[in-house]
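Here are my notes for someone opening this one for the first time. Have the sequence and the 3D view side by side as you read.

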Amino acid sequence: SRRRRQQQQQHQQQDEAQDAGGGGDFFSLDVDMDAWIRFMDAASLLQVLEVQRLAQDEKMALFVNLYHTMVVHSFLVLGPPRSWAKWPSFFNAMAYECCCDVFSIAELEHNVIRAAMSRPQPFLSKFTVPQSSYRFALTKGDFRINFALASGSRSSSSKVPIFTPSRLDAQLDAVTAEALNEFVDVSVAKRTVSLPKVCAWFEADFLREFDVVRRKAQAWRAAVDAADGQGTS
């Protein structure tokens, strides 16, 4: 079956993931083992999770939270990837069994959460994007997802909220504004604006929703100007 083949493939990749990881020594940490066991028990319930009847916003909040859970779980046990070259193998090897299927962190990002969005630049896609497909993949894209997914790299936001369906739109606005505030560099002298690398990697997402991006940017600019005005009054 597909699940068995995927499980066998994931087991074969564990040694590669172990090599890619930075050597996390989880059991040397001051860990509340009772809490850890409760977490593992809760994670095991994901195997039979049914998401088909969930609305788009509900699935998006669920899967983005799950992505961050998988990243943190992997970093705790194995440590983060030792180098940029190790990131693809690490994220393609670490996997959960969920929704009666199996997916790696990379598959969750590109084939579930970003399924209806653009692929990264061809050079990056060759090494990072799996070709899997999932029946529960999201069917609608949102350019703000590019700022919401925090992989733990230096270009990721240092703040990761727990997303909820009822507040999803406001939370996506907030993480996008935070990322732009943190990573955009404006040089008046050089008359240049430097954007986060994710804007180049997934350029098509921003061009596809250009009018939305422009309206959001104008709203954020107005909010910043208003806050600056209050601070100087």
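1. Let's begin at the end of a helix. Gly79, which follows helix 3, has a positive phi, near 85°. Helices here are DSSP runs of H or I with at least four residues, strands are runs of E with at least two, and both are numbered from the N terminus. Helix 3 itself covers residues 56–78. Its 23 residues should span 33 Å at 1.5 Å a residue, and the end C-alpha atoms are 32 Å apart, which agrees. (The expected span is 1.5 Å times one less than the number of residues.)

2. A word on what you're looking at. This is a predicted model, with residues numbered from 1 along each chain as its sequence is written. Local features need pLDDT of at least 70 and side-chain atom pairs count only at pLDDT 80 or more, while totals for chains, interfaces and linings use all residues; side-chain values use heavy atoms, with hydrogens and water left out.

3. How confident is the predictor? pLDDT is its confidence in each residue, from 0 to 100. The protein chain has a mean pLDDT of 81, and 79% of its residues reach 70 or more. Confidence is lowest in helix 1 (residues 2–20), with a mean of 55, and highest in helix 5 (residues 105–113), at 95.

4. Now the hairpin. Strand 1 (residues 95–98) pairs with strand 2 in the antiparallel sense, over four bridges; a pair of strands needs at least two DSSP bridges between them. Ala95, for one, has Ser104 in strand 2 as its bridge partner. On strand 2 (residues 101–104), Asp101 and Phe103 point one way, Val102 and Ser104 point the other way, and all are buried. Buried means under 20% relative accessible area, exposed means over 50%, and partly exposed is in between (1.4 Å probe, protein chains only).

5. The turn of that hairpin is worth a look. Two residues sit between the strands, and Cys99 takes a positive phi near 55°. Cys100 is in the loop between strand 1 and strand 2, and its phi is positive too, near 60°, in a residue other than glycine. Are these cysteines buried or partly exposed? Cys99 counts as buried because its relative accessibility is 1%, whereas Cys100 is partly exposed, at 38%.

6. Cys99 is in no disulfide: its nearest cysteine sulfur, that of Cys98, is 3.4 Å away. Elsewhere, Cys199 is buried, with a relative accessible area of 14%.

7. Helix 5 is mostly covered, with nine of its nine residues buried. Among them are Ile105, Leu108 and Val112, along with Glu107, Glu109 and His110.

8. On to the rings. The structure holds 11 aromatic pairs. One of them is the stacked pair of Trp87 and Phe91, 5.2 Å centre to centre with 15° between the planes. (Rings of Phe, Tyr and Trp, the last by its six-membered ring, pair if their centres lie within 6.5 Å; planes under 30 degrees apart are stacked, over 60 edge-to-face, and the rest tilted.) Why are Trp87 and Phe91 about one helical turn apart? Because they are four residues apart in helix 4 (residues 87–93). Both Trp87 and Phe91 are buried. Ring pairs also link Phe63, Phe103, Tyr134 and Phe136 into a cluster.

9. Arg114 lies over the face of Phe202, 3.6 Å from the ring centre. The rule asks for NZ of Lys or CZ of Arg within 6 Å of the ring centre and within 35 degrees of the ring normal.

10. Compare another loop. Arg191 is between strand 3 (185–187) and strand 4 (192–194), and has a positive phi of about 55° although it is not a glycine. Arg191 is exposed, with a relative accessible area of 78%.

11. Finally, two contacts across the sequence. Ala148, in helix 7 (residues 145–148), is buried at 5% relative accessible area. Ala148 and Val175 are 27 residues apart in sequence and 6.0 Å apart in space, C-alpha to C-alpha. Leu207, in helix 10 (residues 203–208), counts as exposed at 55% relative accessibility.

Key: pLDDT is the predictor's confidence in each residue, from 0 to 100. A disulfide is a pair of cysteine sulfur atoms within 2.5 Å.
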